[in-house]
Amino acid sequence: MAQAPINRTTGVRSLVTQPALEIRNLHKSYGDLEVLKGISLTARDGDVISILGSSGSGKSTFLRCLNLLENPNEGEIHFAGEQLKLKRSKSGALIAADSKQINRFRSQMGFVFQNFNLWPHMSVLDNIIEAPRRVLGQSKAEASEIAEALLAKVGIADKRHAFPNQLSGGQQQRAAIARTLAMQPRVILFDEPTSALDPEMVQEVLSVIRALADEGRTMLLVTHEMSFARQVSSEIVFLHQGLVEEQGTPDKVFDNPTSERCKQFMSSHR
Amino acid sequence: MNWELFFDKWLPKMLDGAGVTLELLAIAVVAGLILAIPLGIARSSSKPWVRALPYSYIFFFRGTPLLLQLFLVYYGLSQFEAVRQSWAWNYLRDPYWCALITMTMHTAAYIAEILRGAIQAVPTGEVEAARALGMSRSKALLYIILPRAARIALPAYSNEVILMLKASAVVYTVTLFDIMGQTRTIIARTYQAELYFFIAGLFYLAITLVLTQIFRFIEHKLRVDMLQGR
């Protein structure tokens with residue numbers, strides 16, 4: 001933490017120390033089952049942090065807590081230096097205290113789902129322009145222009161008028177990524193973006209994510225694609241039973257893990 | 001069979017009756033839909049005190065026959081002096097309005113229940129996607145959930161409209177001359193019961209056929225076919 005990170009876009013070592021996203025001591029329980037037992041994580045601008053771990057280690061739950069798709073029981077979330085206001089609900093979980101604030105946070109914190117969650121009654125283009133129009137107040141023409149560029153970027157410009165279920169899984173996920181990008185988010189959270197895809201479609205989605213990493217976008221990525229995580233990440237976080245078991249650069253976590261559990265995991269996923 | 005009399009007198013009467021049936025039906029299912037939207041939204045709320053009122057409304061109107069509801073409005077309300085003194089009497093004294101109000105409130109209960117089912121059938125992930133993009137609860141409802149639920153509900157709604165067409169036949173009991181009302185009048189004059197009941201049946205069948213085509217067209221326009229599994 002001694003050195004400020006290098007901004008990948010400008011190549012300049014940033015002296016602004018305000019992290020893009022900072023999570024402190026996040027806890028989450030389902031009834032008696034404690035899924036997250038106090039996780040802290042800092043993402044600076046340009047960081048690509050991959051979160052690894054076996055099934056049930058709490059990776060997806062952690063990611064979903066960051067924009068309150070799940071409600072944590074304890075913890076603090078700071079986004080671009082601003083703390084998310086939380087209050088305790090009757091059930092004991094923390095919920096947003098200020099709905100305007102959480103909506104603003106969410107609009108700047110993209111989320112890509114495992115199952116894409118495109119809206120099947122809208123064309124791909126309409127899927128992408130809906131939120132920019134309704135949330136950011138863009139005109140249809142303005143939003144469409146941006147959407148066309150994003151569709152070209154993710155390589156499905158020819159599918160703009162297609163409906164989601166006319167697309168392959170890989171194309172749907174790329175459309176979902178374009179939908180997220182249309183909000184111009186400061187941070188993008190990927191929740192196992194390739195886990196619902198047929199093997200031959202994984203690469204087309206990974207190459208889109210890789211391109212985003214190369215642009216210097218700040219991303220948190222929950223994935224099972226080990227070699228991909230190693231290539232694109234600036235940092236790897238290994239979760240085990242709701243705790244950060246190992247954390248560091250890809251080389252350190254993959255080649256010289258200190259924890260026994262992480263060693264086992266890495267050797268079984270070569 | 002006197003064809004001249006049939007074409008000059010009885011067929012126009014039947015067509016008048018069809019006009020009354022269609023008018024009652026069209027107004028009731030559209031007004032019922034408008035009434036059902038807030039009912040259905042409230043009915044699918046997670047808060048019990050929001051659900052309670054639409055639940056009671058739906059329970060009453062689905063749990064009792066349309067004919068009974070019509071009689072309650074037509075014969076029942078006029079028993080109250082207060083009703084006869086109020087402005088509402090201008091409408092409630094008229095069997096046409098009684099039938100329209102009853103049909104609207106009856107179908108609204110069924111449509112509300114269809115909408116509740118449709119709203120709850122919108123996949124959670126699609127709602128999460130809307131919220132994760134920063135849409136507020138109400139924006140997600142207006143721009144994503146309701147348009148999506150409308151497409152899920154459409155086949156059931158078209159079914160409800162056709163059920164209401166046939167249920168509307170009860171309005172002849174409060175002196176309205178819909179298809180059934182006209183048919184019975186004609187039969188009283190001609191004594192040709194089987195012929196005119198048969199013709200009345202053809203009228204209902206023809207209307208059903210047209211309604212089916214209209215809804216097929218709307219389903220096509222709304223791309224309901226795009227919602228089937230991948």
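## Contacts, core and sheet in a predicted model

A:Ala178 touches A:Ile128, A:Ala147, A:Leu150, A:Leu151 and A:Val154, leaving aside residues up to four places away in sequence. The model is predicted.

Q: What makes A:Ala178 and A:Ile128 count as touching?
A: The test is C-beta atoms within 7 Å, placed from the backbone. A:Ile128 is among the residues that A:Ala178 touches, so this pair meets that cut-off.

Q: Which residues have the most contacts inside the largest nonpolar core?
A: They are A:Ile51 and A:Ala178, in a core of 134 residues. Helix α6 (residues 95-121) of chain B gives the largest share, 14 residues.

Q: Why are β8 and β12 of chain A said to stand at the edges?
A: The open sheet of six strands runs β8-β9-β10-β3-β11-β12 (chain A), with mixed pairing. β8 (109-112) and β12 (243-248) each have a single partner strand, so one side of each has no neighbour in the sheet.

Q: What makes β9 and β10 of chain A a pair?
A: Pairing needs at least two bridges. Five bridges join β9 (residues 187-191) to β10 (residues 218-222) of chain A, so the two strands pair. They run parallel. A:Leu189 has A:Leu220 as its bridge partner in β10(A).

Q: How many residues does each chain bring to the contact?
A: Chain A brings 21 residues and chain B brings 20 residues. On the side of chain A, α2(A) gives the largest share, five residues.

Definitions and conventions: Residues are numbered from 1 along each chain as its sequence is written. Chains are lettered from A and ligands numbered from 1 in the order in which they are written. This is a predicted model: local features need pLDDT of at least 70, side-chain atom pairs count only at pLDDT 80 or more; totals for chains, interfaces and linings use all residues. Two residues are in contact if their C-beta atoms, placed from the backbone, lie within 7 Å. Helices (H or I, at least four residues) and strands (E, at least two) are DSSP runs, numbered from the N terminus. A nonpolar core is a set of buried Ala, Val, Leu, Ile, Met, Phe, Trp, Tyr and Cys residues joined through C-beta atoms within 7 Å. A residue is buried if 20 or more other C-beta atoms lie within 10 Å of its own, exposed if 12 or fewer, and partly exposed in between; C-beta atoms are placed from the backbone.
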